[in-house]
Amino acid sequence: MRFFEYEAREVVKRAGIPVTDYGFTTDAGEAKAIAERIGGPVVIKSQVLTGGRMKAGGVKFADTPEQAERDAADVLALEINGHMPRGVLVDPKASVKQEYYAGVVWDGTRKQPVMLFSDMGGIDIEEVAEQHPDHVGRRHFSNILPLSEFQAKQCIAQTGVTGSRLNKLVPILTRLARLFVDYDMTLAEINPLAEMEDGSFVALDAHMDMENEARPRQKALLKDLGVGDEETRQAREATEFELAGEAVDAQDHRGVAGNVTEFDGNLGLVIGAGGGSLTLFDAVRNAGGQPANYCEIGGNPSVAKACGLAKLVLSKPGVDKIAVMMSIVSNTRVDIVARGVIKACLELGYDPAEKITIFRIPGAWEEEGFKILDKYGVKYADRSVSLHEASRLAVEALAGTTHTNDPASGQ
Amino acid sequence: MSILVDADTTFIVQGITGREAVNLTRECLDYGAGAKIVGGVTPGRKGREVHGVPVFDTVAQAVEHHGTPIKGSVVTVPPAFTKDAVFEAIENGIELVVIVTERIPRADVAEMVELATLRGARIIGPNCLGIIVPDVIKMGGIGGPAKDAAKSYKPGAIGVISRSGGMTTEMSSTLSAAGLGISTAVSIGGDAIIGSTYAELMPLFEADDQTQGIVIYTEPGGRMEAELARWVTENDSRLPVVAFMAGRFMDEMPGMSFGHAGTIVEGKEDTATEKIARLAEAGITVAEEISQIPEIIKGKIEERQGAAA
């Protein structure tokens with residue numbers, strides 16, 4: 001889960017890393033008051049969870065409080081990459097001598113966190129690493145042994161930084177590494193980390209990403225930051241269809257009928273699970289099909305859940321038929337899913353044999369499932385028909401229908 | 001032969017009284033010659049039995065009751081308690097820990113893996129279905145009930161390693177139907193940090209006479225495939241490898257990137273396209289469809305045997 005800059009700065013501040021005397025507000029008048037309190041030139045920064053805000057005009061420099069108010073009003077009304085800002089940060093315009101970079105991320109291969117430091121901050125660390133590898137220090141640290149300052153010292157010293165600068169930077173990088181661990185971050189970075197004209201160091205911007213799985217044990221921090229449980233911080237807003245999918249999943253604890261993503265094709269997919277659904281989605285597209293959705297079913301869902309999900313997919317405008325497909329299942333009962341999808345067709349007044357292009361779920365309780373499918377004339381396949389072949393059959397079954405999407409419009 | 005487990009492997013189930021764990025225990029006991037599940041652990045449930053398996057409060061009690069060290073543990077406890085359960089297993093001499101639990105924060109996984117490394121233990125998972133040696137033993141839910149697992153897994157020459165539990169069975173079923181069969185299949189889990197990656201299991205398969213080829217299932221995200229490609233090249237592996245990659249459509253979707261700092265550590269190796277290129281450089285064929293895998297691996301094995309003759 002990503003944090004807004006004003007939240008990330010708050011996290012940095014709590015960890016004891018110096019920050020500027022900034023203010024956050026959603027009101028232009030208040031931005032003026034913050035600028036007055038700061039008493040000098042300020043920077044107004046849009047608070048959005050997307051990149052490129054500088055280019056989009058989301059960062060403005062103001063010399064007077066009146067200018068700050070006007071700039072804040074402009075920035076608050078400015079949409080960036082489809083995102084409206086959460087508010088603005090009013091920051092003193094700093095007189096910076098040099099910019100540094102400090103970050104901590106996971107190294108999946110080493111299975112340890114790694115701290116990164118560069119004396120070339122302010123720009124993409126990726127670029128620095130490529131063009132000036134000797135200006136990027138790296139130091140892995142243990143998951144179970146105590147984190148010590150010497151590790152940060154080694155990391156910084158690798159870049160050639162020495163003297164009082166080194167000694168002032170060590171506690172900052174150490175604290176950043178500690179907060180990364182304490183708050184279950186997957187990314188914690190300060191960029192730029194500024195050395196001011198007076199020789200002090202200040203975090204001028206910060207990025208934080210928290211592991212979603214760790215949210216339950218980080219409730220205290222999230223509450224302090226004002227992040228509610230309902231705030232998922234997805235890259236884009238969920239559509240009504242996707243929210244309806246979540247509602248189907250929530251009605252019953254058995255199995256999964258969620259993870260719904262909308263596309264605009266005409267073939268509805270009730271597919272599962274995990275790797276199987278990734279495989280099937282690719283296979284349908286390779287066969288020339290246009291998926292209307294990506295929609296996973298798994299675990300051992302109840303009849304009601306399978307029914308609810310199939311109904312949702314069938315009711316989506318533009319969907320002509322559905323395909324019900326999974327890789328060989330072991331803990332999901334084939335007969336239960338069969339009952340659910342047939343029930344959905346019948347309740348919506350459709351002939352299951354007509355609406356279901358193919359049912360390819362082999363595995364546990366398949367004999368019982370196939371009997372039910374036979375009774376309603378639904379075409380099904382056993383494990384001798386591959387996932388790709390089943391996908392082709394589904395696409396072929398759709399080819400004869402009258403409704404077609406314009407292929408030029410794409411997905 | 002096989003890797004990781006064989007007919008003599010003893011193991012416990014941690015969290016054995018949970019609904020899923022009770023089923024899993026039944027499935028393992030019923031499979032092959034019958035797994036040697038020598039105990040179960042659920043704190044506060046000492047004195048009960050699950051399908052005849054005695055339940056203890058602690059791993060130490062289970063080890064003491066068994067009388068000699070226990071080789072493995074299947075851990076199926078809620079995410080908040082998994083780290084402690086795995087530490088308990090390792091500190092009581094367990095060498096092989098299969099973690100079934102999903103949604104464990106990666107910091108916890110990293111801690112478990114580091115302790116395992118210090119103690120010479122190995123972790124499979126988390127978020128995985130475990131290990132199966134066809135007709136011999138299964139450790140975990142892999143393949144489902146014994147009679148279903150027997151349909152999909154026939155003994156043979158191919159090692160299977162998969163990031164998706166369900167697809168382990170789908171691919172093994174295809175290999176079994178084609179007459180190739182499976183030496184050992186391992187569901188390794190798909191999380192960002194896992195106990196054993198493809199590259200970390202390769203030396204075990206390399207040393208296993210029964211195994212003549214490897215089939216892997218993979219997805220976008222992470223750099224496990226790049227690590228495998230490097231291992232195969234650097235070690236001049238005797239085993240031909242065929243991969244299947246799902247989720248190619250995700251390359252076209254936003255939000256898949258690690259961000260800048262992640263990229264300099266993890267590399268630009270996380271998309272399906274990048275991975276396929278990297279695998280191909282190492283001589284690993286990426287099959288377009290699962291049904292093509294048996295022919296491709298057969299051809300590669302014959303090619304190597306021809307070259308060796």
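How many bridges pair strand β5 of chain A with β6(A), and in which sense do the two strands run? In this predicted model, strand β5 (residues 96-107) of chain A and β6(A) pair in the antiparallel sense, over seven bridges.

## Strand β6 of chain A and its partners

Strand β6 of chain A covers residues 112-118. On one side, β6(A) pairs with β5(A) through the seven antiparallel bridges already named. Within this pairing, A:Val105 has A:Val114 of β6(A) as its bridge partner. The two strands form a hairpin, with four residues between them. In the turn of this hairpin, A:Lys111 has a positive phi of about 60 degrees.

Strand β6(A) also pairs with strand β7 (residues 136-140) of chain A. These two strands run antiparallel and are joined by five bridges. An example of a bridge here is that of A:Met115, whose partner in β7(A) is A:Arg139.

## Burial of strand β6

Is strand β6 of chain A largely enclosed or open? Seven of its seven residues are buried, so the strand is largely enclosed by the rest of the structure. A residue counts as buried when its relative accessible area is under 20%.

The side chains of the strand are divided between two directions. A:Gln112, A:Val114, A:Leu116 and A:Ser118 point one way from β6(A), and A:Pro113, A:Met115 and A:Phe117 point the other way. The residues pointing in both directions are all buried. A:Val114, the bridge partner of A:Val105, belongs to the group that includes A:Leu116. A:Met115, the bridge partner of A:Arg139, belongs to the group that includes A:Phe117.

## Chain A as a whole

Chain A has 14 helices and 15 strands. Its radius of gyration is 27 Å, well over the 22 Å that the globule rule gives for 411 residues, so chain A is more spread out than a compact globule. Along the principal axes, its C-alpha atoms fill a box of roughly 85 × 50 × 40 Å.

Of the 411 residues of chain A, 56% count as buried. Among the contacts in chain A with a separation of 6 or more, 68% are made by residues 24 or more positions apart. The chain exposes about 17200 Å², and carbon and sulfur atoms supply 48% of that area.

## Chain B as a whole

Chain B has 11 helices and 14 strands. For its 309 residues, a compact globule would have a radius of gyration near 19 Å, and the value for chain B is 19 Å, which agrees. Its C-alpha trace spans about 55 × 45 × 30 Å along the principal axes.

In chain B, 59% of the 309 residues count as buried. Residues 24 or more positions apart supply 73% of the contacts with a separation of 6 or more. Chain B exposes about 11400 Å², of which carbon and sulfur atoms supply 51%. It has 27 positive and 41 negative side chains, with the centres of the two sets 3 Å apart.

## Residue Thr42 of chain B

Where in chain B does B:Thr42 lie? This residue is in the loop between β2 (36-41) and β3 (49-50) of the chain. With a relative accessibility of 12%, B:Thr42 counts as buried. Leaving aside residues up to four places away in sequence, B:Thr42 touches B:Gly15, B:Ile16, B:Thr17, B:Val55, B:Phe56 and B:Asp57.

Note on methods: Residues are numbered from 1 along each chain as its sequence is written. Chains are lettered from A and ligands numbered from 1 in the order in which they are written. This is a predicted model: local features need pLDDT of at least 70, side-chain atom pairs count only at pLDDT 80 or more; totals for chains, interfaces and linings use all residues. Side-chain values use heavy atoms; hydrogens and water are left out. Buried means under 20% relative accessible area, exposed over 50%, partly exposed in between (1.4 Å probe, protein chains only). Two strands pair if DSSP finds at least two bridges between them. The radius of gyration is taken over C-alpha atoms; the globule rule is 2.2 Å times the number of residues to the power 0.38. Contact means heavy atoms within 4.5 Å. Accessible areas come from the Shrake-Rupley method with a 1.4 Å probe; for residues, only the protein chains shown count as cover. Lys and Arg count as positive and Asp and Glu as negative; His and the chain ends are not counted. The place of a charge is taken as NZ of Lys, CZ of Arg, CG of Asp or CD of Glu.
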